[in-house]
Amino acid sequence: MIETILYSLLSNVPPTDNGTFWLPRSASTVAENIDFTFELINWICYFFFAVIVVAMVLFCIKYRRKSPNMTCDGPTHNTALELTWTIAPLLLVVVIFTVGMRGYLDLREAPEGCYEVQVTGQKWSWTFNHPEFGATQVGELTVPVGKPVRLLMTSNDVLHSVWIPDFRVKMDVIPGRYTSLWFEATKVGDYQLNCTEYCGKDHSKMLAKVHVIPVDEFDATMIKLASEYEDMSRAELPAYAINRLYNRCVSCHSLDGSSGTGPSFNGLWDRVKVGQVKFTSGEALSSLLGDATEYGEPENYIRESILNPQKHIVQGYLGSMPSFQGQLKEKQITAMIEMFKHLDELTDANGNITVNKDGTPTE
Amino acid sequence: MITTEAKHDNLSMSDNYLNHTKGIKSWLFTLDHKRIGMMYLICILLAFLLGGIFAMLIRFHLLTPDGALMTQDQYNQAFTVHGAVMVFLVIIPAVPAALGNFVLPIMLGAKDVAFPRLNLFSWWLWILGLVFFLISLGTGGVDTGWTFYTPYSIDKASSMGGVIPALIGAFVLGFSSIFTGMNFIVTIHRLRPVGMTWFRMPLFLWGTYATAIIQVLATPVIGITLLLLIVERSFGIGIFDPALGGDPVLYQHFFWFYSHPAVYIMILPAMGIVSELIAVHSHRHIFGYKFIAYSSIAIAMFGFLVWGHHMFTSGQSQLVNIIFSLITFSVSIPSAIKVFNWLATLYKGSISLNTPMLYGLSFIFIFGIGGLTGLYCATLNTDVHLHDSYFIVAHFHYVMMGSALIGFIGGIHHWWPKMTGKMYNEAWGRFACVLVFVGFNVTFFTQFMMGSRGMPRRYATYQPEFQTYHVISTIGSTIMALGFVITAIYLLHSVFKGKKAPRNPWGGRSLEWQCSSPPPWDNFAEQPEVGDCYDFSVLVWNEEEQGYDWRKDAVHPGE
Ligand SMILES: [Cu+2]
Ligand SMILES: [Cu+2]
């Protein structure tokens, strides 16, 4: 009741595409309700703040000191007045609480038949799995417009949090358990997704784009995404890998030779090929390569580094690389290995990527 | 009666707490609450300078979207050090330990706190805490944020090497705070002289009393939590680490069980100061004494029941969120009562817009915004959007810096003549206060806007659309810094060159204004008389002294 009355009073200011003074554009079904609550509190605050400031300024002008002597004899208390300003705010906050709570329940209660996406947070990138299509995206998430989408989220390392300001949704992403979030996008477009729980060095770069696309294009887009590498020839794989897979490694492995959390990919294949890698155990990779050894071929070492990185830790680094077991398909691992072999052709001297996914040079 | 006061004044020329004994040792091992208060004050202001330097680094780094000054790691360290120093070393001890120590016993009419040795020990613990913080900077730094959230803080591969010394530092500082709180509770219960009933106590004492209760009841929880963290990080025992079967969210419960009440450790004594400032500088009996006094206690009590509002998006159950939201709103009521009572005190007052009063009025303005924006954060659905954004950063700076710290600085100006026996330059004081007030609002109001529009907190780099806000915010912080620098200069200047302060420059009625400025070693030559500490009608302006005396014909309480 109260809500509908207040709503009709307040909702005459339609948000423009850039949003309002206070809020960004609104692009999900729950945004409307949250903006309404926000506006409601806004007006209550404007009112009380005006009362406070006007009273303060008026009194300071009217009753400013005229002589240093003691002249005042104003009232020392007034129980009726004091009870009024105790009870009136009490009633108001009960209204605000109720409006906020009801909005919150809508925000949390996912409707039936959501399209489900599995989200994994990992320092410092987001991976989105579409089980329905067997497709995986990193750093970008494609969803259909006008359909409820549910994100089932977990973390591989520390706390993260998904926040999409234009959708007004947020939920922490926690290692060792699932949390979830749902939204229904109302407008086609690209939206910013932020990590908003501090997670270390590149917290501020743990971003992703949400692409909201028309429903009739969605299936085709996903199917294409899921299988794009399957029909690729060996020659096409390196360009695919550096454009589509490397973004999962970028937070730790550079392309320009500088070492980060992990060793640079620059020159990696040349080192591995000849076994020029030392491990924290004191062993050298050279003793594990060749006939009748653990690895035999150097490619196997790279494969193991990706699937089971804790097995051998490179000297000078911590064993902080996560396993990509189950996240990369066999053919994608092959693509990564091809990428290592052809890195010179894919990057310039500063480590910038110079080819597009289809093999054409970037401008 | 008049003769007693004359005697006080003669005494003050020769013997006061500043010159009673000499030498550095007579300070470092003093048991005198006034000296301990002054040592706290000096140290806390130095720590404020340290935290402020990091704040300016952060603000200037954020002038450009890619970050102008530091690497990602350096930025993360900068905001961690800024937060930890400001919270643990500055704001929590500022009012109780520095001003409280100096003023509380005198206001009460006591010669000292109940346990002077414990009091000195608290100060030494503060120093030890500072030392551990410095060690942590030297042993790899800390980049966990002042919140030390798990599992980041227990993962040695992620967070930097200085985490353990920083945790020990916070632990030690916690005990410093607990001891101060215990001391004040016992002092207020046991050392009130005849006539000083509970409802004759100045409201500043009610504020510190409520604070002391929180310090004693809540701080042990953070102590235990920090110990658990230390043990877990050192020995890999699985309490908070999910990889070892622990629960990272449990840490947040423990942490906020203390750290939410800690917000009231910061704000309640500052509210107490503001009650004094408003009443004394408008020469007007405080309006609704009992409502203000009880609301302090109410805030302290409710404060224990609302920690979960920091965790609305942490995955805790919806029911729990709803309950925490509801209780959180209840805190807004006693806060509103205080603001309205202060305004009513101004009504028909004789308002002097001098420096302490300007700080008092700034407090009401800023706390108005800080308190009202709390409504957005307590409301469930809006908080989901605002949590961990710059809106929250702005909100807690309005409360912790704009209110608690502004109250503290107002208190420093109010009691400066009493503490140092010198008057500062009033014109510079007002000018600096205006700079701080304007600078503060420019800095943090913009942060509300960028926060609700989508700027996450603790970001070393950001989307270009937020640059305008960040630039304005940095300009504001520069103005504010200028205000603080000017304040430091004229206050220091007054110590050496300031006019001698009269016994009672403002016309205060509580007991500290009855002893000389600075107070004698043992506060009162003879037991002062206690009356209604907000009844200013017994005072009269003395032009010659530039201060207030008892009216000759005033009826003394007890007579
Ligand atoms: Cu993050
Ligand atoms: Cu809180």
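Visitor: How many bridges join strand E2 to strand E3 in chain A?
Guide: Four bridges join E2 (residues 125–130) to E3 (residues 135–138) in chain A, and the two strands run antiparallel. Keep in mind that this is a predicted model.

Visitor: Okay, and which residue is the bridge partner of Phe128(A) in E3(A)?
Guide: That's Gln137(A).

Visitor: What about the bit between those two strands?
Guide: The hairpin of E2(A) and E3(A) has four residues between the strands. Look at Gly134(A) there, which takes a positive phi near 65 degrees.

Visitor: Now the open sheet in chain A: in what order do the strands come?
Guide: The order is E4-E10-E9-E6-E7, five strands with mixed pairing. From one strand to the next, the twist averages 25 degrees.

Visitor: Which strands stand at the edges?
Guide: E4 (140–144) and E7 (169–173) of chain A do. Each has a single partner strand, so one side of each is left without a neighbour in the sheet.

Visitor: And how do E9 and E10 of chain A run, parallel or antiparallel?
Guide: Antiparallel, with six bridges joining E9 (residues 189–195) to E10 (residues 207–213) in chain A. Asp190(A), for instance, has His211(A) as its bridge partner in E10(A).

Visitor: Which strands does helix H4 of chain A lie across?
Guide: H4 (residues 215–227) lies across E4 and E10 of chain A, running at about 135 degrees to E4(A).

Visitor: Switching to chain B. At what angle do helices H7 and H9 pack?
Guide: About 15 degrees, with the axes 9 Å apart. H7 covers residues 203–235 and H9 covers residues 289–302 of chain B. Angles under 35 degrees count as roughly parallel, so H7(B) and H9(B) are roughly parallel to each other. H7(B) passes H9(B) in a right-handed crossing.

Visitor: Which residues meet there?
Guide: Among them are Leu203(B), Trp206(B) and Ile213(B) in H7(B), and Ile292(B), Ile297(B) and Met301(B) in H9(B). The residues of this contact of H7(B) with H9(B) divide into twelve nonpolar, two polar and no charged.

Visitor: Last one: how many residues does the contact take from chain A and chain B?
Guide: It takes 88 residues from chain A and 97 residues from chain B. The area buried between the two chains is about 7,800 Å², and carbon and sulfur atoms give 68% of that.

Visitor: Which three residues supply more than any other three on chain A's side?
Guide: Arg65(A), Met70(A) and Tyr198(A), which supply 11% of the area that chain A buries against chain B.

Methods
Residues are numbered from 1 along each chain as its sequence is written. Chains are lettered from A and ligands numbered from 1 in the order in which they are written. This is a predicted model: local features need pLDDT of at least 70, side-chain atom pairs count only at pLDDT 80 or more; totals for chains, interfaces and linings use all residues. Side-chain values use heavy atoms; hydrogens and water are left out. Axes are lines fitted to C-alpha atoms, for helices over the stretch in contact, and angles run from 0 to 180 degrees between N-to-C directions. Angles under 35 degrees count as roughly parallel, over 145 as roughly antiparallel, 65 to 115 as roughly perpendicular and the rest as oblique. A crossing is left-handed if the near helix is turned anticlockwise from the far one by less than a right angle, and right-handed if clockwise. Contact means heavy atoms within 4.5 Å. Ala, Val, Leu, Ile, Met, Phe, Trp, Tyr, Cys and Pro count as nonpolar, Asp, Glu, Lys and Arg as charged, and the others, Gly among them, as polar. Two strands pair if DSSP finds at least two bridges between them. Buried area is the accessible area (1.4 Å probe) that two parts lose on being put together, summed over both.
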